[in-house]
Amino acid sequence: MIYDYLAENDHWGAWGSFVGLSLCFAIPSAFIVIFISPPVGSSGIPDVKTYLNGSNIPNAFAVDTLILKLISMILTVLGPIPSGLQGPMIHVGATLGAWV
């Protein structure tokens, strides 16, 4: 779709379709973090370090946090939001390890 606009030299149409498609993925990801589960928005590395030092953070390694973090990471990658995925992947791995 974007390539069709670019082939016709319609740069505003290409830009609008790119932004619109990006917002289709970014808004649900932001909705998950803001309204459903705010701990999903962090990288997760501080949670893992805190847990390894002997403290307990409620719901940091819960199944619903794991599922929502995976969904939010997928939506973040699909809507090109500049973010590092190393921290959330460490948190996902630690959560899976805690449940095994």
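Analyst: The answers below concern a predicted model and take its labelled features in turn.

User: Why is tryptophan 12 called exposed?

Analyst: The relative accessibility of tryptophan 12 is 69%. Exposed requires over 50%, so tryptophan 12 receives that label.

User: What makes the pair of tryptophan 12 and tryptophan 15 edge-to-face?

Analyst: The count of aromatic pairs comes to 3. In the pair formed by tryptophan 12 and tryptophan 15, the centres are 6.0 Å apart and the planes stand at 80 degrees. Pairing requires centres within 6.5 Å, and edge-to-face requires an angle over 60 degrees; the pair is therefore edge-to-face. Both residues belong to helix H2, 3 residues apart, about one turn of the helix. Tryptophan 15 has a relative accessible area of 52%, which is over 50%, so tryptophan 15 is exposed.

User: Why is phenylalanine 31 called partly exposed?

Analyst: Its relative accessible area is 45%. Buried means under 20% and exposed means over 50%; because 45% falls in between, phenylalanine 31 is partly exposed. This residue lies in helix H2, which spans residues 11–36.

User: Which residues does aspartate 47 touch?

Analyst: Leaving out residues up to four places away in sequence, aspartate 47 touches Ser42, Ile57, Ala60, Phe61 and His91.

User: What makes the phi of asparagine 9 worth noting?

Analyst: Most residues other than glycine have a negative phi. Asparagine 9 is not a glycine, yet has a positive phi of about 60 degrees. Asparagine 9 is placed in the loop between helix H1 (2–7) and H2. With a relative accessible area of 59%, over the 50% cut-off, asparagine 9 is therefore exposed.

User: Where is asparagine 59 found, and why is it called exposed?

Analyst: Asparagine 59 is found in the loop between H3 and helix H4 (63–78). Its relative accessible area is 54%; because exposed means over 50%, the label applies to asparagine 59. The phi of asparagine 59 is also positive, near 60 degrees.

Definitions and conventions:
Residues numbered from 1 in each chain as written. Predicted model: local features only at pLDDT ≥ 70, side-chain atom pairs only at ≥ 80, totals over all residues. Heavy atoms only, no water. Helix = DSSP H or I, 4+ residues; strand = E, 2+ residues; numbered from the N terminus. Buried < 20%, exposed > 50% of the residue type's maximum accessible area, 1.4 Å probe, protein only. Contact = heavy atoms within 4.5 Å. Phe/Tyr/Trp six-rings, centres within 6.5 Å; stacked < 30°, edge-to-face > 60°.
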